[in-house]
Amino acid sequence: MIPNVLSIAGSDPSGGAGIQADIKAISANGAFAMAALTALTAQNTQGVTGIHLVPPTFVQEQIAAVFADIRVDAVKIGMIANADIAAAVARALKGHTNIPIVLDPVMIAKGGAELLQADAVNTLRDELLPIATLLTPNLPEAAHLLGCDIATTRDEMTAQGAALCALGAEAVLMKGGHLDGPDSPDCLVTVDAVTWFEAVRTPTANTHGTGCTLSSALAVQLAKGLTPVAATAAAKSYVAQAILYAGDLSVGTGHGPTHHFAALYSK
């Protein structure tokens with residue numbers, strides 16, 4: 001049975017991040033992709049120049065319409081923009097927490113634009129984090145959610161992952177891309193275990209939408225019934241390939257996108 005996966009996120013007209021990246025990643029990982037928009041952005045590989053928010057009631061209506069007609073096997077939540085939209089998403093998912101929910105706490109775009117208003121951090125932490133099967137913060141996002149300094153060591157990464165689990169998330173994937181050094185290790189933290197995923201840092205500017213892509217791939221793997229550890233391994237393998245072959249694309253002059261369908265193109 002092909003899983004159905006719903007992404008709740010903002011739009012990126014340049015196609016590298018947001019809903020567009022989610023649809024590509026979900027499809028490439030073997031699921032049927034659905035999308036509920038929270039925001040429209042004007043952006044490209046160089047940055048975000050404008051944001052137009054979808055009314056919270058309409059965000060909720062989009063999600064309700066999908067669930068009213070279609071079996072949903074997993075949900076990925078990306079850009080939620082403000083507190084009202086975050087609350088609307090939480091209301092829409094009430095009663096549907098029996099399926100995997102991957103929460104990517106999108107806060108800052110690659111170019112530095114703020115994608116999450118300050119008043120939304122508390123709502124995300126209080127209403128969405130407790131229903132998350134898997135939270136996928138990078139190190140600045142984890143620190144922002146906890147109100148602490150950004151982790152600079154592996155011990156600090158695991159401690160912050162445990163603190164986020166204590167706030168209600170079943171599992172937290174702490175993404176180590178912001179650590180200094182030649183490696184980019186991630187750690188998956190649950191209440192009773194820590195699993196490290198080692199990776200050598202790939203020198204590339206093509207990192208636009210990597211967080212969106214990873215969280216969407218994770219949602220598919222969880223929808224297929226994989227454990228969080230196995231789902232993370234599979235999703236990271238997919239993203240690594242998408243980054244490795246990103247140079248085959250010629251998209252923009254800034255932070256280029258990953259190659260979501262690298263496996264389908266001739267090498």
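Guide: Let us start with Leu167, which touches Arg125, Leu129, Pro130 and Leu146, not counting residues up to four places away in sequence. Before we go on, this is a predicted model, in which local features need pLDDT of at least 70, side-chain atom pairs count only at pLDDT 80 or more, and totals for chains, interfaces and linings use all residues. Residues are numbered from 1 along each chain as its sequence is written, and side-chain values use heavy atoms, with hydrogens and water left out.

Visitor: What makes these residues count as touching Leu167?
Guide: Contact means heavy atoms within 4.5 Å, and Arg125, Leu129, Pro130 and Leu146 are in contact with Leu167 by that rule. For Pro130 there is also a C-alpha to C-alpha distance to Leu167, which is 6.5 Å, although the two are 37 residues apart in sequence.

Visitor: Where is Leu167 found, and is Leu167 buried, exposed or partly exposed?
Guide: Leu167 is in the loop between α6 and β7 (171–174). Helices (H or I, at least four residues) and strands (E, at least two) are DSSP runs, numbered from the N terminus. Buried means under 20% relative accessible area, exposed over 50%, and partly exposed in between, with a 1.4 Å probe and protein chains only. Leu167 has 37%, so Leu167 is partly exposed.

Visitor: Why is Ala231 called buried?
Guide: Its relative accessibility is 0%, so Ala231 counts as buried. Ala231 sits in helix α8 (residues 228–244). Leaving aside neighbours within four places in sequence, Ala231 is in contact with Leu218, Gln221, Leu222 and Leu226.

Visitor: How many salt bridges does the structure hold?
Guide: There are five. Among them is the one between Asp73 and Arg71, whose closest N and O atoms are 2.9 Å apart. Asp73 has a relative accessible area of 14%, so Asp73 is buried, whereas Arg71, at 36%, is partly exposed.

Visitor: What makes Arg154 and Glu198 a salt bridge that ties parts together?
Guide: Their side chains meet at 2.8 Å, N to O. Arg154 lies in helix α6 (residues 154–166) and Glu198 in the loop between β9 (194–197) and α7 (210–223), so the bridge joins parts that are 44 residues apart in sequence.

Visitor: Why are α3 and α4 called roughly parallel?
Guide: Axes are lines fitted to C-alpha atoms, for helices over the stretch in contact, and angles run from 0 to 180 degrees between N-to-C directions. Angles under 35 degrees count as roughly parallel, over 145 as roughly antiparallel, 65 to 115 as roughly perpendicular and the rest as oblique. The axes of α3 (residues 83–93) and α4 (residues 118–128) come within 8 Å and cross at roughly 15°, and therefore these helices are roughly parallel.

Visitor: And why are α5 and α6 called oblique?
Guide: Helix α5 (residues 139–146) and α6 pack at about 50°, with axes 10 Å apart. That angle falls in the remaining range, and therefore α5 and α6 are oblique to each other. Leu139, Ala142, Ala143, Leu145 and Leu146 in α5 meet Met157, Gln160, Ala163 and Leu164 in α6. By class, this contact has eight nonpolar residues, one polar and no charged ones; Ala, Val, Leu, Ile, Met, Phe, Trp, Tyr, Cys and Pro count as nonpolar, Asp, Glu, Lys and Arg as charged, and the others, Gly among them, as polar.

Technical notes: Salt bridge = Lys/Arg side-chain N within 4 Å of Asp/Glu carboxyl O.
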